[in-house]
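Q: I'm new to this one. Can you walk me through it?

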Amino acid sequence: MQNWTLNALGLENLDGNAREKLAGLTPVVLPQGHILFRPGDEVLGFVLALSGRVGVYLTGPNGRELLLYSVVPGETCVQTTLGLLGEQHYTGEAIAETDISVVLVPKDMFCDLVAQSTEFRTFVFRAFADRLQTVMHVLEKVAFETIEARLAQILLSRASNKQVHATHQELATAIGSSREVVSRRIELLVRAGIVAQDRGMVKILNINALKKRAE
């Protein structure tokens, strides 16, 4: 069986003993839409993403969702790391945004590797720091940037061939707003000739104007 650790992003410098332990774990493939954890769930192990993308969300008392961050290969989930190191349960929800391939490192093995392997420990804490920076960036945007700027930024970042395939609800979740607010803002962009929209898709017509809105 091929040693999956040899191609895992972030584990390139892993020492031989840690690599041997991890190689005994079997990757699993999960479909798009699969829920990896929900608020209140116990943290059972450390998830290593080998392919695909996982979104981690917080849900407020009013039902509004906020996308905290996405996890792709080479990155880690800050909630999982906190749960393992601080004996805390999950407070968010993780959903596979694409088909994903992951490896679950059991809690006992994770703790042993953090204690014994400098390279694995460095990977965990460097990825944790990077992820925490992402969360702080999201909070700064929600607190200090206008809805219009955040919407323009997400449209630009998700555009492929000037098209963004996402519903108004998905865009609202990504920027920490409501579907109704996003719908009104998109309608204003349509009237200004900056974008056009179809069901489940927004097309950018004037990218320079949209970039100005994103500033």
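Q: Which strands does helix 3 lie across, and at about what angle does helix 3 run to strand 7?
A: Helix 3 (residues 107–116) lies across strand 3 and strand 7. Helix 3 runs at about 75° to strand 7. Angles go from 0 to 180 degrees between N-to-C directions, with axes as lines fitted to C-alpha atoms, for helices over the stretch in contact. Contact means heavy atoms within 4.5 Å. Helices (H or I, at least four residues) and strands (E, at least two) are DSSP runs, numbered from the N terminus.

Q: What should I know about the model and the numbering?
A: This is a predicted model, where local features need pLDDT of at least 70, side-chain atom pairs count only at pLDDT 80 or more, and totals for chains, interfaces and linings use all residues. Residues are numbered from 1 along each chain as its sequence is written, and side-chain values use heavy atoms, with hydrogens and water left out.

Q: Back to strand 3 and strand 7. How many bridges join them?
A: 6 bridges join strand 3 to strand 7 (residues 100–106), and the two run antiparallel. Glycine 45 has proline 106 in strand 7 as its bridge partner. Two strands pair if DSSP finds at least two bridges between them.

Q: What is the strand order in that open sheet of 3 strands?
A: The order is 1-7-3, with antiparallel pairing. Strand 1 (28–30) and strand 3 each have a single partner strand, so one side of each is left without a neighbour in the sheet. Neighbouring strands are turned by 40° against each other on average, direction ignored.

Q: And the open sheet of 4 strands, what order does it have?
A: That sheet runs 2-6-4-5, again with antiparallel pairing. Strand 2 and strand 5 are the edge strands, each pairing on one side only.

Q: Switching to helices. How do helix 5 and helix 7 pack?
A: Helix 5 (residues 147–158) and helix 7 (residues 179–191) pack at about 75°, with axes 11 Å apart. That makes helix 5 roughly perpendicular to helix 7 (65 to 115 degrees counts as such).

Q: Which residues meet there?
A: Ile147, Leu151 and Leu155 in helix 5 meet Val181, Val182, Arg185, Ile186 and Leu189 in helix 7.

Q: Now holes. How many cavities are there of 30 Å³ or more?
A: The count is 3. A cavity is a set of points on a 1 Å grid over the protein atoms alone where a 1.4 Å probe fits but cannot get out. A pocket is an open set with protein on both sides within 12 Å along at least five of seven lines. Lining residues have an atom within 4 Å of a point. Points join across faces, edges and corners, and a volume is the space filled by probe spheres set on them.

Q: What about the largest cavity, and which residues are closest to its centre?
A: The largest cavity holds about 110 Å³. Of its 13 lining residues, Leu36, Val47, Val54, Val71 and Cys77 are closest to the centre.

Q: And the largest pocket, how much space lies in it?
A: About 920 Å³. The largest pocket has 33 lining residues, with Leu67, Ser70, Ile154, Arg158 and Ala174 nearest its centre.

Definitions and conventions
Parallel < 35°, antiparallel > 145°, perpendicular 65-115°, else oblique.
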